[in-house]
Amino acid sequence: MALRCQKDSYLQEFVSTVESCEVASEKINGSKLSGYHVILADTILFPEGGGQPDDRGSLNTIPVLKVFLKGDKGVHFTQVPIDAGTEVNIQLDWQRRFDHMQQHSAQHLISAIAETVFNFNTTSWSLGESVCKVEFNTPVITNEQINQLEELCNQYIREQRPMYPTYYELNDPAVDKIKTRGLPENIAGPLRVMTIEGIDVNLCCGTHVSNLAHLQVIKLLGTEKGKKGNTLLHFHAGKRVVSALEKSLNIERQINTLMRGSPTDYPDLIKKLQNSYKSASKNSSNLLKELVGYEAKELSSKLKESNSKYICHHRREGEIEYLLSLVQKLTCPEHIIKFITVGDDRGAGNFILCGVETDVKELAPKVLELIDGKGAVKGGRLMGKASKLSQKHKVEHAIEKYLESKDATNS
Ligand SMILES: [Zn+2]
């Protein structure tokens, strides 16, 4: 026996009676919820089946979180019990359902045309929250085939072809002639066949539009490689096409404001941006090179004045090249310990610790620990990335302490 939602898929409100209500639990969005399985005499809430997700709605304003089929009855999962014998007003989340009707009916149309025109058989399909996919038993679908398929789909929509269900008893000889595109048929009772007038006859338990005009439009979005040499074709139907266009237009408006131009100007504007970026980064790298010279001089003379045995220096801007170049330009003896950092004062960046190899090897573990750094000592140099430059002052203390203890040992 077919459910009310299959007989009249446009019914958004319906009164029925509770036949049973049992304590149960269900997994909803990954978490296990306790509640009740409510079985009604009949329902307008579609249970999952034929690739179509289940409906949402309410029973006397109590939300229905899941619907599935048991035998020929729909089971409604709620978190509030409803006594057997209670009359309930069933309300359907129509927006969600009509979207499913548009996508599912569009899949029937796409599959039928692909089979008739290109001999591609549908092996499966999925109705996703953001995109729907039909899988065909072909390794390739060309752009020309996609265009032709899309054009034919929209032509049939314009022709306003009716779509309707017919029911056959299992022993009806007519059933043998009707195909089921490998899609599961899990509704018990008489067989339900969906017809798109003059285009397709196919076994299906889902809820469908009554006329292709209700699909509004179909947009094929592109393909993706499927399993076993199959190809997945992505599509949007109905309101999803309008929503996707609106989303694209919003992004386009934001880009227009940022680029100060319209899409036709994008190639020129992007070229200009690339050129100005190139020249800006060239200028900045030249300036940094000059700056390194001045800084090396200043640090070297300060070192002489202070008679210190180490240099600690940080610069926010700069890359590894800056570190290497500064170390190279410093005019101080090798035994002076140099710890130079670049990057975010409170976050991540690059560092170099150099001097006499024995000193660097001694200091390396402590330095890496303090600034959460990664790197290896190589010929008097420890260089790498650090994620805690905020702790660089502690490295300075560690160097001071190390030098003090070294002096104490030597004296
Ligand atoms: Zn179907």
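**Close-up views of salt bridges and a nonpolar patch**

**View A. Lys-406 and Asp-359 form a salt bridge, with 3.0 Å between their closest N and O atoms.** Welcome to the first stop in this predicted model. Lys-406 belongs to helix H8 and Asp-359 to helix H7 (residues 357-371), so this contact ties together parts that are 47 residues apart in sequence. How accessible are the two partners? Lys-406 is partly exposed, its relative accessible area being 32%. Asp-359, by contrast, is buried, at 4% relative accessibility, because buried means under 20%.

**View B. Asp-54, Arg-56 and Arg-96 are joined into one network.** What holds this trio together is a set of salt bridges that share partners. As you look around, keep in mind that a search of the whole structure finds 19 salt bridges.

**View C. Lys-309 and Asp-407 meet through their side chains in a salt bridge of 3.4 Å, N to O.** Which parts of the chain does this pair bring together? Lys-309 sits in the loop between helix H5 (266-306) and strand E15 (310-315), while Asp-407 is in helix H8 (residues 392-410), so the pair ties together parts that are 98 residues apart in sequence. Lys-309 has a relative accessible area of 36% and is partly exposed. Asp-407 is partly exposed as well, at 38%.

**View D. Lys-73 pairs with Glu-19 in a salt bridge whose closest N and O atoms are 3.3 Å apart.** Is Glu-19 buried, exposed or partly exposed? With 43% relative accessibility, Glu-19 counts as partly exposed, because that class lies between the 20% limit for buried and the 50% limit for exposed.

**View E. Ile-320, Leu-324 and Met-383 make a nonpolar surface patch of about 190 Å².**

Methods:
Residues are numbered from 1 along each chain as its sequence is written. This is a predicted model: local features need pLDDT of at least 70, side-chain atom pairs count only at pLDDT 80 or more; totals for chains, interfaces and linings use all residues. Side-chain values use heavy atoms; hydrogens and water are left out. A salt bridge is a side-chain nitrogen of Lys or Arg within 4 Å of a carboxyl oxygen of Asp or Glu. Buried means under 20% relative accessible area, exposed over 50%, partly exposed in between (1.4 Å probe, protein chains only). Helices (H or I, at least four residues) and strands (E, at least two) are DSSP runs, numbered from the N terminus. Patches are made of residues with over 30% relative accessible area and no salt bridge: like charges are joined within 9 Å, nonpolar side chains (Val, Leu, Ile, Met, Phe, Trp, Tyr) within 5 Å. Accessible areas come from the Shrake-Rupley method with a 1.4 Å probe; for residues, only the protein chains shown count as cover.
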